[in-house]
Amino acid sequence: MESEEATAAGSGGTVVTALPKKRGRKPKSKEDSQSGGKMKESGKKTKKEEEEQSVDEKYSKWKGLVPILYDWLANHNLVWPSLSCRWGPQLDQATYKNRQRLYLSEQTDGTVPNTLVIANCEVVKPRVAAAEHISQFNEEARSPFVKKFKTIIHPGEVNRIRELPQNSKIIATHTDSPDVLIWDVDTQPNRHAVLGAANSRPDLILTGHQDNAEFALAMCPTEPFVLSGGKDKLVVLWSIQDHITTVGTDSKSSGSILKQSGDKSESPSVGPRGVYQGHDDTVEDVAFSPTSAQEFCSVGDDSCLILWDARTGTSPVTKVEKAHDADVHCVDWNPHDDNLILTGSADNTVRLYDRRNLTSNGVGTPIYKFEGHKAAVLCVQWSPDKASCFGSSAEDGLLNIWDYDRVSKKSDRAAKNPAGLFFQHAGHRDKVVDFHWNAADPWTIVSVSDDCETTGGGGTLQIWRMSDLIYRPEEEVVTELEKFKSHVMTCASKP
């Protein structure tokens, strides 16, 4: 794998520029970035430079607090930006750390192919890392905890990755095309990303969209179903049940878990189980109900949140016409309480909806509106560990952790923080395009940002866990600190 990384590292200085697409940027050539840098030689700072300076100041302040705020933090500088990051299966456990798969992508400038990266990550266990070690990281270096294991040459850039909960070695990807691509990452051959290399062949192609489907993608927690949304304003549902062998449910099985068609020259394809019409603009995100494979929801650039039920037909069950005041970028359904749905929007807010009381006079009536971001919210996700906790990431470079149960607490309101906000990860210096809670280690999060303009690199991947003193019950924490104080005093009094 070293040779692959060395090949890519030659482009490490690439700078990227904005694309029309909301979440991704395509890197531009070195010549463009160098000529662009010579344009401004007047002494005055632009508004953008002032914003970048304030980002750097915030980052410096955050860096000084890292040993206090975090139980563990790993920073991994990426050669190319990654638009999506997901945890895969846990591989093995040891005394001080566990080994786990990590799925990433590399969005290149075309000098080498776009890739889907399967990495092995060493996840340090809680209360193992020393504060000194946590604070000594280099934002320009690669983390020793993240090792590239396999590269799949992807046909087009990888906009989104989702793993199948029943077997997380099967993943789906979205690219700039109408198709959803399904991969068995264990049996896919390892490829070298060199100019002119042929694309890897997906194990299965899901067809049914009439226009590009770039971001909205979900896998069902209860059945092997896949859900997608696209520019054609459609929500499309597939079952891949018939394409998975019975041995596929055994996570330790070897060999392909996807059935192969007779013709080996091209990937088998499967048409939709259902096509759902109700949005008036691009569908930006979709989510399944945690308890039913037949129920799901979607959000889009029409500012709508729509609930669907496959048992009642292809029309919306409930349509919230004005769920937000702008495009709705993301949605997540609470795995602990199937009445609660989160949405995030270009209006900078996260809203919490109760499916039993979604609208009033045709307008969305959220239970609560969370206001803590200063730019468009790109990703929301509930915690797998605590029903009232969730994270949100945005174009302001922040990943906020919220607890709905804290919204009404007077002590939190007096702290001048937005209600419910109890932790802010400020380790990224540009928009945080994706993050994922680790179900195997619930308070550990992986997040990726497109830091190209601020760091001169491709992007940043961070794996981090806040100190448990931050999220544990207050009484429990106070009791522990009192014991610690008593222990310190006893040690200090000894000759």
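Reader: What should I know about the ground rules here?

Author: Residues are numbered from 1 along each chain as its sequence is written, and side-chain values use heavy atoms, with hydrogens and water left out. As the model is predicted, local features need pLDDT of at least 70 and side-chain atom pairs count only at pLDDT 80 or more, while totals for chains, interfaces and linings use all residues.

Reader: How many aromatic pairs does a search of the whole structure find?

Author: In general, a pair of aromatic rings is described by the distance of the centres and the angle of the planes. Rings of Phe, Tyr and Trp (its six-membered ring) pair if their centres lie within 6.5 Å; planes under 30 degrees apart are stacked, over 60 edge-to-face, the rest tilted. Searching the whole structure gives 17 aromatic pairs. Take Trp437 and Trp443: their ring centres are 5.7 Å apart and the planes sit at 80 degrees, so this pair is edge-to-face.

Reader: Which residues do ring pairs link into a cluster?

Author: That cluster joins Tyr368, Phe370, Trp382, Phe390, Trp402 and Tyr404.

Reader: Is Trp437 buried or exposed?

Author: Buried means under 20% relative accessible area, exposed over 50%, partly exposed in between (1.4 Å probe, protein chains only). Trp437 has 2% relative accessibility, so it counts as buried; Trp443, with 7%, counts as buried too.

Reader: Where does the charged end of Arg101 sit?

Author: The test is NZ of Lys or CZ of Arg within 6 Å of the ring centre and within 35 degrees of the ring normal. Arg101 has its charged end over the ring of Phe149, 4.1 Å from the centre. Arg406 lies over the face of Phe422, 4.4 Å from the ring centre.
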